[in-house]
Amino acid sequence: MSPSRIALAVAAISGLVMLAFLPFFVNAYYLSLAMSLLQFTVLATAWGMFSGPTRYVSLATAAFFGVGAYTVAVLGEVLAWPLVLGIAAAIGGLMAAVVGLSTLRLSGVHFVIFTFGLAELVRQLVVWYEVNKTRVLGRYVFVDITQNDIYWQLLVLAIAVFAIGWIIARSRLGFALRIIGEDETVAQHCGINVTIAKVALFTISATVMTLVGAIMSPRWTYIEPSIAFNATISFQVVIMALLGGAHRLWGPILGAVPLTLLFEFLSARFPSTSTLVMGVVFLLIVYALPSGVAGLWDRVAARPLWRLTKKAEA
Amino acid sequence: MTNAVLTGLMLGGMYALIAMGLTLQYGVARIMNLSYGEFLVAAAFASYWLFTGWALSPLLGLTLVIPLSFGVSYALYRVLLTPLVRRARTRDALEVESILATFGMMFIVQGIMLAMFGGAYYSYSFLAIPVQLLGESLALNRLMAFGLAVVIGLALYLALTRTRIGTSIRAVAVDPAAAQLVAINVAQTSALAFALGGALVATAGVLISMFLTFSASSGVVFTMKALIIVVMGGVGNLLGCLVAGLLLGLSEALVATYVDPGLTLAVNFALFLTVLLIKPAGLFGRAQR
């Protein structure tokens, strides 16, 4: 390892230790902000993990998030917490596998259309079930989880997501996905099972999203379908990942942090115009920064002058 | 039973009309427009505003809304979407870019409507007179909207198959590269098709506002149904639009009557997947890609 790598590792570890002790030093407002930051960091990174290399646009984040939140609302009081999280992850993963197997074999359009409506579909099914079977819409979430617990769980999940992403990028699966992203026909001719690779990654990414929903669920004491399956989350996650740059593992975090802060600010100060502003921000990113901050960074780093000084250093 | 079938057919006719504009935008201009439903709702609000504020009949309102929406869509394509068309290297790349750009537009249009009208549901009463048809009583406004949808659909079909511009539009839909070789201005034709699609969805919006309640955030559902119909029928195919639209309307009405009205979306998706798993290019689509 080069000295700069070691320095980076030391900085990362000390940063994580500081983050781990954060709940002891900040007040409730900043803790809640930190939770939002972690939540969107994990969601956007998980989104980029699938959509970055494959270039399939998934608009289903809210569907998985909601499934996770609802699983906790239903089972949270009955079973032990780790078991509840495990079941949530299993349901989310299974749902992703079914959706992936039925749409990812077809062209990308079918996937987009299906994921576009998935949150709405699951919401309708949950409403239908609650109205017909339990006869009450909405549930109370009574579990023995403190705000600090939620924060730490999210932190662990964030570390796990980056670890998973790092491992995938260095595995055969990651290599296959990069080829698929470049040219799917070429990938097929190389003997890569394109469908399996795509479905596997989509399932991993969706399982993580489901877990975020499950962990965040105790933050609300009352939950109903329109809260859990709020399509705005899907939208925000796509913007964040795009602003940061979805083709790099660390890209989405560069978008998640500034945009979470912006959205928090907007929803507190200008609730009636926040949708409009989000749309404008989104268009600006699509037109001005098509490959995100990470892409910009890659371009800057690739400049001749920069390369020259690097060579001189070496 | 007759009632469910009649309702289903009329609903399906409206769906077909809604999807026709999108099949032009997506099939010809290659823009997968996720903000499509928002333009439908915007036209519905325009019609509401003209009717309640100026006592202008929605049918007269159409003569204002159609040219306006045509112009707005044309400008939108020229200003916002042409840069994407130029930037995209392949058709798939353009698809991804247009999804992202129109996704942003969806929130902008929705945001403007939310700021103007809030989140409440709107409706107005126009020609809500019961009419007897095959022993069933139906509202006149629905019947008239359906009639107009049929007329517009026929007119569009004739325009696309019998006129020179229509033929060039169809040529671009089939193969833009080859169309260029026979001296068709692809950029111009795409813009025209996109604007035509915008005018069609606005017409659908005005017609729907006569009998359906709508809110600033109800566009997404229309976008989804239109997308499903377009892809199910075969992209860029008007006949496919009609058949898929009727299929969707009928199945929705039957499920709503006999099973549960809360499951219509589930039916849509089930139908969508079934058709695509059997025929990935859609009911009337050519196998390609």
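Predicted model: local features only at pLDDT ≥ 70, side-chain atom pairs only at ≥ 80, totals over all residues.
Local features need pLDDT of at least 70, side-chain atom pairs count only at pLDDT 80 or more, and totals for chains, interfaces and linings use all residues. Residues are numbered from 1 along each chain as its sequence is written, chains are lettered from A in the order in which they are written, and side-chain values use heavy atoms, without hydrogens and water.

Over all chains, 25 aromatic pairs are counted. Rings of Phe, Tyr and Trp (its six-membered ring) pair if their centres lie within 6.5 Å; planes under 30 degrees apart count as stacked, over 60 as edge-to-face and the rest as tilted. A:F50 and A:Y56 form a tilted pair, at 6.3 Å centre to centre and 50° between the planes. Both A:F50 and A:Y56 are buried (under 20% relative accessible area; exposed is over 50% and partly exposed in between, with a 1.4 Å probe and protein chains only).

In chain B, the ring centres of B:F103 and B:F107 lie 5.7 Å apart with planes at 90°, so this pair is edge-to-face. Both residues belong to helix α4 (residues 91-117) of chain B, four residues apart, about one turn of the helix. Helices are DSSP runs (H or I, at least four residues), numbered from the N terminus. B:F103 is buried at 5% relative accessibility. B:F107 is buried at 6%. One aromatic cluster comprises B:F45, B:Y48, B:F51, B:F117, B:Y122, B:Y124 and B:F214.

On chain A, A:I13 lies in helix α1 (residues 3-21). A:I13 is exposed, with a relative accessible area of 56%.

How values were computed. Helix = DSSP H or I, 4+ residues; strand = E, 2+ residues; numbered from the N terminus.
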